[in-house]
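I set out to record how the two chains of this model meet. The entries below were made with the sequence and the structure open.

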Protein chains: 2
Amino acid sequence: MSARAGILITGTEVLTGRVQDRNGPWLSDRLTELGIEHAHTTIVGDRPADMLSALRFLAREGVDLILTSGGLGPTADDLTVEVVAEFCGREMYLDGPLEERIAEILRPLAKRYPQFDQEAVRESNRKQAVVPRGATIIDPVGTAPGLVVPPADGTDGPTVVVLPGPPRELQPMWRSAVETDAFKDAARGAIEYRTAMLRMFGIPESEIAATLRAAADEGLALDELEITTCLRRGEIEVVTRYEPPAQGTYDALVALVRDRHADTLFSDDGTFVDDQVAQMLVDGGLTVGVCESCTGGLLAARLTERPGSSAYVLGGIVAYANEVKSGLAHVDPALIERHGAVSTEVAEALADGAIAALGTDVGAGVTGIAGPDGGTPEKPVGFVCVSVATREGARLTRSMQLPGSRADVRDRTTTVAMHLLRRLLLGESD
Amino acid sequence: MSARAGILITGTEVLTGRVQDRNGPWLSDRLTELGIEHAHTTIVGDRPADMLSALRFLAREGVDLILTSGGLGPTADDLTVEVVAEFCGREMYLDGPLEERIAEILRPLAKRYPQFDQEAVRESNRKQAVVPRGATIIDPVGTAPGLVVPPADGTDGPTVVVLPGPPRELQPMWRSAVETDAFKDAARGAIEYRTAMLRMFGIPESEIAATLRAAADEGLALDELEITTCLRRGEIEVVTRYEPPAQGTYDALVALVRDRHADTLFSDDGTFVDDQVAQMLVDGGLTVGVCESCTGGLLAARLTERPGSSAYVLGGIVAYANEVKSGLAHVDPALIERHGAVSTEVAEALADGAIAALGTDVGAGVTGIAGPDGGTPEKPVGFVCVSVATREGARLTRSMQLPGSRADVRDRTTTVAMHLLRRLLLGESD
């Protein structure tokens with residue numbers, strides 16, 4: 001039987017959404033890689049009773065492992081370790097070497113904030129050296145140690161892996177935790193799964209449902225595949241999880257999808273459109289620049305998100321005001337006068353302006369109405385125009401109506417621009 | 001006794017983090033506004049057994065209401081309605097008028113995608129008109145209807161509010177759901193809470209812990225306040241929830257924090273630094289522009305995030321390549337040669353360049369090493385220089401070492417720039 005795990009995210013700030021949880025999803029991926037089944041993620045506030053009932057719920061679900069994130073800080077609302085000790089039936093003690101280790105970590109911090117009371121800092125953090133007896137300690141990356149806590153001797157129940165909330169601490173500490181004997185004991189029985197991803201753009205979700213029904217009609221053993229479809233940033237993702245013997249069934253499904261949706265399927269190997277655009281720019285030795293209005297810098301930010309992007313992104317112009325469109329981005333004011341700032345003509349001029357002003361091989365131009373104000377009957381909120389061009393004169397231009405909030409429109413517009421760049425770099429032109 | 005609620009987020013794509021859940025936090029805020037206590041958010045994949053056990057867990061916790069999001073789509077992995085019907089002990093039926101209503105909604109979609117099989121679309125969506133008997137139907141905003149499902153007659157248990165996954169559908173449908181009699185019946189006993197927020201920048205979290213201990217030592221009744229502190233985007237947030245009679249205690253706490261942390265406390269009314277900068281620009285009739293390197297467009301994107309920002313943001317230059325720094329952003333190439341592209345001198349030149357090139361009253365310049373490559377012993381990854389200036393010659397410049405990943409460094413740098421803009425607009429200058 002496969003090992004199972006549950007994830008418990010703690011923190012009133014996460015429950016109420018003031019802080020976005022990135023740990024649940026990240027840990028879920030790691031569990032899948034290890035072949036450990038992940039059934040539940042539960043989020044609770046900083047209340048010991050709620051934390052304890054969530055731990056007990058996961059235990060009743062029969063999980064072998066519970067991963068917790070958060071609640072290891074120096075303030076009094078950080079209670080995870082105490083609650084886990086109670087749940088596992090283990091008493092707490094002050095670990096001397098650990099206290100010393102934390103004091104050592106705090107020394108540079110003390111230099112950075114000399115104006116603050118150092119005794120207060122030490123007292124706040126001594127709390128972090130009080131841990132359940134019998135737990136394996138994971139060295140801190142920040143100041144909070146992690147723990148792998150097995151059930152008390154002679155009792156049954158899950159092993160709890162206690163990790164801090166900040167992702168840059170949690171991630172390396174997770175890698176240490178999986179190497180401990182206590183973790184390995186609890187994770188026995190993990191079985192191998194494969195996960196594969198198809199990404200499509202420009203197709204409604206119902207059409208995927210129809211294709212899956214067609215696959216079943218053709219006799220494909222879809223019950224061997226756990227298929228999830230979802231919308232993300234304007235694209236459709238089809239994720240399939242399966243055991244290795246079902247590889248043939250998955251391959252047949254991919255062949256069918258490719259057959260029916262050749263024009264919209266753009267990734268079958270996990271790559272994002274961003275990866276593909278970056279790779280084609282690198283392979284072609286090409287540079288890119290953008291002139292963007294409604295996206296306000298998001299397209300340049302998306303192109304520079306990847307390490308090493310300075311090899312092909314020279315820069316961008318955020319041409320928010322019309323004076324910047326004409327002054328820096330080479331857009332003829334008469335063109336704006338004639339067609340309006342939000343028009344395919346101005347989008348094209350912005351793409352050409354990017355090439356001219358930034359000296360790049362490829363340019364992208366974006367203009368639109370992100371809302372909530374500024375819409376008209378002819379050009380309502382969500383109307384955007386995107387153009388991409390090469391120095392040699394190849395060009396793709398599209399205008400469309402995007403749904404959603406200001407943030408949605410701005411984000412989706414960058415997705416449209418990335419897909420146009422992809423098609424342009426593949427050699428398409430209007 | 002206060003009414004209590006739990007939230008159940010469904011979807012393998014959310015559990016595994018391919019899609020970020022925005023509904024749990026949003027619904028949590030709405031519950032707080034209504035005075036309904038929110039103890040748990042549980043995330044499960046698209047497996048009926050896991051969904052059912054999560055519903056039963058929340059029921060055992062004694063909640064009066066369960067809100068679900070997701071799993072109402074047309075594909076076979078969308079099973080929420082069936083599972084909720086089973087949980088509530090109610091049979092399913094095809095609702096004729098609802099089927100007609102959904103068909104009507106699909107007509108424009110059919111026009112948008114004429115190439116796809118319309119019968120397949122209708123069949124996929126007929127499924128969405130099958131609902132539990134006795135449920136109150138919430139009109140769809142997309143194609144999926146919502147539901148308010150009370151427990152079967154003669155039985156006890158929570159009322160389940162079933163909502164779709166996309167936030168722009170869920171949010172208006174939630175507002176309809178709270179108006180139904182079925183919801184009001186279940187939410188009886190809600191009591192009023194107040195929530196207040198303090199935001200600080202440039203202070204370690206342990207210092208807040210020391211201040212809270214000092215408050216307790218001074219005899220403040222902190223047990224009347226539910227205080228949570230957390231780090232967000234490089235700032236510290238202190239959120240306090242309390243019942244109205246504890247207002248005096250909260251006011252005393254704020255006075256103490258203000259006394260001890262006057263220089264770092266920048267918001268006590270829920271405003272973000274972004275709101276404050278925007279308001280000061282509007283009030284002063286000032287315009288702003290940016291020249292940014294390592295943030296690659298994120299600072300301009302942050303400044304243009306708010307509706308109406310075109311009133312004061314003229315634009316930006318993403319000066320990624322040195323040629324763009326000198327060609328468009330007026331940075332003397334000799335300065336880059338002498339001090340390096342990542343230096344306070346170049347940050348100052350970029351701020352001045354923003355004012356000159358974009359014609360603004362205020363300029364911000366950013367340069368740094370976002371990593372993971374490009375660091376040196378003198379200027380390691382995370383070293384950033386930020387400068388802000390006015391046309392009249394006021395100026396603030398800082399360099400610092402930021403922790404975290406490439407994404408962290410880029411994001412934190414925008415926070416530093418926003419705080420420097422705030423101080424500059426308040427009249428500070430080096």
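My entries on the interface follow.

I note that this is a predicted model, in which local features need pLDDT of at least 70, side-chain atom pairs count only at pLDDT 80 or more, and totals for chains, interfaces and linings use all residues. Residues are numbered from 1 along each chain as its sequence is written, chains are lettered from A and ligands numbered from 1 in the order in which they are written, and side-chain values use heavy atoms, with hydrogens and water left out.

Contacts. I looked up contact (heavy atoms within 4.5 Å) and found 94 residues of chain A touching 93 residues of chain B.

Area. I took buried area as the accessible area (1.4 Å probe) that two parts lose on being put together, summed over both. Between chain A and chain B it is about 7400 Å², with 55% from carbon and sulfur atoms. Arg18(A), Arg47(A) and Tyr320(A) supply 9% of what chain A buries against chain B, more than any other three residues.

Salt bridges. I applied the rule of a side-chain nitrogen of Lys or Arg within 4 Å of a carboxyl oxygen of Asp or Glu, which finds 8 salt bridges across the interface of chain A and chain B. One of them joins Arg22(A) to Asp408(B) at 3.7 Å, N to O.

Strands. I read strands as DSSP runs (E, at least two residues), numbered from the N terminus; two strands pair if DSSP finds at least two bridges between them. Strand S14 (residues 313-319) of chain A runs antiparallel to strand S14 (residues 313-319) of chain B, with 5 bridges joining them. Ala319(A) has Gly315(B) as its bridge partner in S14(B).

Note on methods:
Helices (H or I, at least four residues) and strands (E, at least two) are DSSP runs, numbered from the N terminus.
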